[in-house]
Each structure stands twice: as C-alpha cells, then as structure tokens.
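Here are my notes on the model, as numbered points. Please read them with the structure open beside you.

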Amino acid sequence: MKIAIYDPAPLRNDYLTVKYLEPMIEYGKDSGRDIGKITSFDGVANAHILFCSDYYTPEIGEKLKNNNNKIILFDINDSSYINNLTKLQAIDLMFKFSGIQQTRGSDELRISDNFEYTKQERYFIPDDVEWAAYVELRDSGRLLPMLYAPFYHCEVEHIPYEQKNKKAVIRGGHHYLRYHLFLNLLKHGLINEDSAFMTRVYFSDTMDERFKYCPECLSAFKQFNKIPYSYYKSHQRWGCNNPHMDWQADELEAGFFQNHGNHKWNNRCVPSFYKLTEEFEKNNGPVDWPLVENALNGEFIADEEFYKIINGNLLYGDYKWMFSVDIPPRFWQAASAKTINILPAWTRNQVQVPFLVEGDHYLTFEETFSDIDKFNSITKEQHDHITNKCFELYNLWINHDKYKAATHLMDHIFNNIESI
Ligand SMILES: [Zn+2]
C-alpha cells in the first residue's frame, strides 16, 4: 500500500505539519511503510492520499477517485464544525480535530435581564440536509475524532492530593462563558490568585489596532500598570466603549447579558467586565473584589510557571463557546500535571479519541452552574482515580520520544488508513 501525503509549501497549518504529518512520514518509513510526500495531485494513482481538508474540493475528489485513490482528510479549524458537509461523498476517511457530536443539539446557557441562568437546546447543525450528511459520514465510520495534542511535552512535578490547594484554576482569554464560570466558582470559594484572564496583551504596542483597548483604558493602564477596580469606580463615565453595547447606560438594554452571540463580550475592555461583576454581585451576593481585580489584569506566563500553577491546584476549568474543541491541548496539559479538568455538561455529547468517560477522565458542571458547589467536596479517591487515568492516556497517546508524536497515536492513524 502506498501512502502519499500532500502538504505543499507554503504550509497550510504548521501545527499539523510538525506534530502529525512529518512524524508520520518518519515513523511510517521506520516501520517499513511505503510512504512519502507528493507536491501535486496530478498523475497519482492507486494510493492512499492524506491531506488537510482545506485543499479538498469535489473536483479534486473526483480526479483522485478516477485514479483509484483513497482520500483521507485531516480537518482542523478550532471547532467541531465541518465545512462543505454535503460535498464530501468522495472521501474515504476524515480525522476531525475535535470530538464527534452524537446528539442533534446541546444545551446552551441563557442569561436573562435579571441575571437568571437557564438553558436551551441549540442544534449542532440546524439544516436537516447537512445534519443528515454529518450522520451518514459519522455512522458509516468515515468520520473519526482526532486528539489535539499540546505542542510541547513538559515533565511536570506531581503534587499529592493532600498538598494541593482545593481550588479551580481558570486561565485564558476573557471569553464570556469562561468569565461566568470564574464568577460562579468565586461565589463558591473555589478561586484563588492563580486564576487570570490575559487582558494585558491588549495594552501592548504590538497589538493589532482592531483589538487594542480604548484610549481611556490605555491611559489608566499606563498610570497604574493595571486597570484598578477603584479607578473604575471613580471613572464610570469615561470614553471607554464597546461598539456592540452600552455598558455605561443607566438602564441596561434588554438582552444585555445574553450569551447568544457572545462575541460582543469576548476580549473587550476590562471595565465592562467590572460592570458585569457588579451586576452579578447584585444577584448573587458579595464577591471578592481583590481576586476579581487580580484575575482581570492577567498576563501570559511561561510554560514552566503555568505548570506550577495548575499542578498546585485541584481543578482546571474551562467553558468556551458551544461546539468549539471541547478537549483542546490545555486539557492534556492539565492531564500531564495531574489536575482534574472540569468542563460543561455538553462535553459528554461528543465522542473523543482517546475515549473519555465523564467521572473517569473529567468532571462536568451544569451549563447553568447549578451544581458548582460539588467541587468543594472532591475526595482523594476521586482525585487519584481521574488524574491517574488521564495521565495514563497522556503517556500513551501524547508523551513522545523519538518522533514528535506518540507512536501509539500514529499507529491509531495508520491502522485506520490501512483498514479502508
Ligand atoms: Zn476601554
């Protein structure tokens, strides 16, 4: 069997090349396979051809099939969605860099004008024809999940349960749902100074003008090296704005908190998040403002420091938008540090590789946060069970030595290609 990899320069996706395609060629040759790169689809016949789905068109599909080839795609776009679903009839196999959705929809958080949390089902693929194409692809075995490995492996010290802070760490961009998760963990005493949103990058001179914070925030930052809550309190009427909403209005407009279309909140100026926190406080009781101020003025840290933060705490939480990559590289980073990942309940609606089981490999919280308090009573048995199981998977599927990918992962890919 001849396996041909099409990955021409300029590279479409460096991550895919370095972490998957190059190691596969290297390991494939070492294990006696007939594998190599091609720079064009012209004249290729009787081969299993693997390439990034960005290059796929129905015309290319037809041409390759006419020459008796098998088509294998890697689909990677930071979400669970697949483009051109109804045009993939010619393909033999797609490895999707996310989980594979099993249910028609998942529950999405809704936030009312008086800050009540409810949930409502939203379809993964609303269009019936496209959904049928997805189900056909999935149930015929031609659509398989692919794990999203962290770029680097780090040797991380493992801290025993007894010595860990019994807190949850939230780190990342200040995305709307992630921030609500932070607030709800804070309310239940599950947050310490290790949680932070990387807002500082938006003050940097090199930041793209479209994303940079407003001049008012920039000048406050220059003065205090952060946006202090006290400064916000004394300057509530300033030029700081968000083109999508008026957070400084006396009367908040209807749907102000609505989560649907939350891009109006994601990564916006810090003061709007102070405003949001004040509204949360009105409905949920006092919040710990120093911890809020600390979290909202966070910055990127080196891997070494990052691992020291997550391995010293019991939990690592995330809540991105629906149908994103539920098990991203950060999940496996926490697994390597023996910290428990906590994720929204919708995570169980997708099948992953390696196969992950709620309770064995991760814990979930209700999309509405109604059960968040349970994370205050995680036992040593639970901790050891989950972190050991995840670490086992990390070592098998991700930790690597000679090649930049684990041989177990590459065996999985080759076995699936070779059994077409
Ligand atoms: Zn601003």
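1. Burial. Of the 420 residues in the protein chain, 38% count as buried. Keep in mind throughout that this is a predicted model.

2. Overall build. The protein chain has twelve helices and 16 strands. Its radius of gyration is 23 Å, close to the 22 Å given by the globule rule for 420 residues, so the chain is as compact as a globular protein of that length. The C-alpha trace spans about 70 × 45 × 40 Å along its principal axes.

3. Contacts along the chain. Take the contacts between residues at least 6 apart in sequence: 70% of them join residues at least 24 apart.

4. β1 and β3 (residues 47-52) run parallel and are joined by five bridges. Tyr6 has Phe51 in β3 as its bridge partner.

5. Helix α1, length and bend. Helix α1 covers residues 14-30, which is 17 residues. From first C-alpha to last it reaches 23 Å, close to the 24 Å expected at 1.5 Å a residue. Where is the kink in α1? There is one of about 30° at Leu21, shortly before the proline Pro23. After the helix comes Gly32, with a positive phi near 80°.

6. The buried residues in α1 are Lys19, Tyr20, Leu21, Pro23, Met24 and Tyr27. An α-helix has 3.6 residues a turn, so residues three or four places apart point the same way. The list of buried positions in α1 includes Tyr20, Pro23 and Tyr27, and can be read with that spacing in mind. Which elements do the buried residues of α1 pack against? They pack against β1 (2-6), β4 (70-75) and α12 (407-418).

7. The four-stranded sheet. A further open sheet is formed by four strands in the order β10-β13-β14-β16, with parallel pairing. Its edge strands, β10 (165-169) and β16 (363-365), each pair on one side only. Neighbouring strands here are turned by 25° against each other on average, direction ignored.

8. The pairing of β14 with β16. Strand β14 (residues 340-344) runs parallel to β16, and three bridges join the two. The bridge partner of Pro344 in β16 is Phe365.

9. Gly189. This residue sits in the loop between α4 (176-187) and β12 (196-197).

Key
Residues are numbered from 1 along each chain as its sequence is written. This is a predicted model: local features need pLDDT of at least 70, side-chain atom pairs count only at pLDDT 80 or more; totals for chains, interfaces and linings use all residues. The expected span of a helix is 1.5 Å times one less than its number of residues. The bend at a residue is the angle between axes fitted to the seven residues ending there and the seven starting there. A residue is buried if 20 or more other C-beta atoms lie within 10 Å of its own, exposed if 12 or fewer, and partly exposed in between; C-beta atoms are placed from the backbone. Two residues are in contact if their C-beta atoms, placed from the backbone, lie within 7 Å. Two strands pair if DSSP finds at least two bridges between them. Axes are lines fitted to C-alpha atoms, for helices over the stretch in contact, and angles run from 0 to 180 degrees between N-to-C directions. The radius of gyration is taken over C-alpha atoms; the globule rule is 2.2 Å times the number of residues to the power 0.38.
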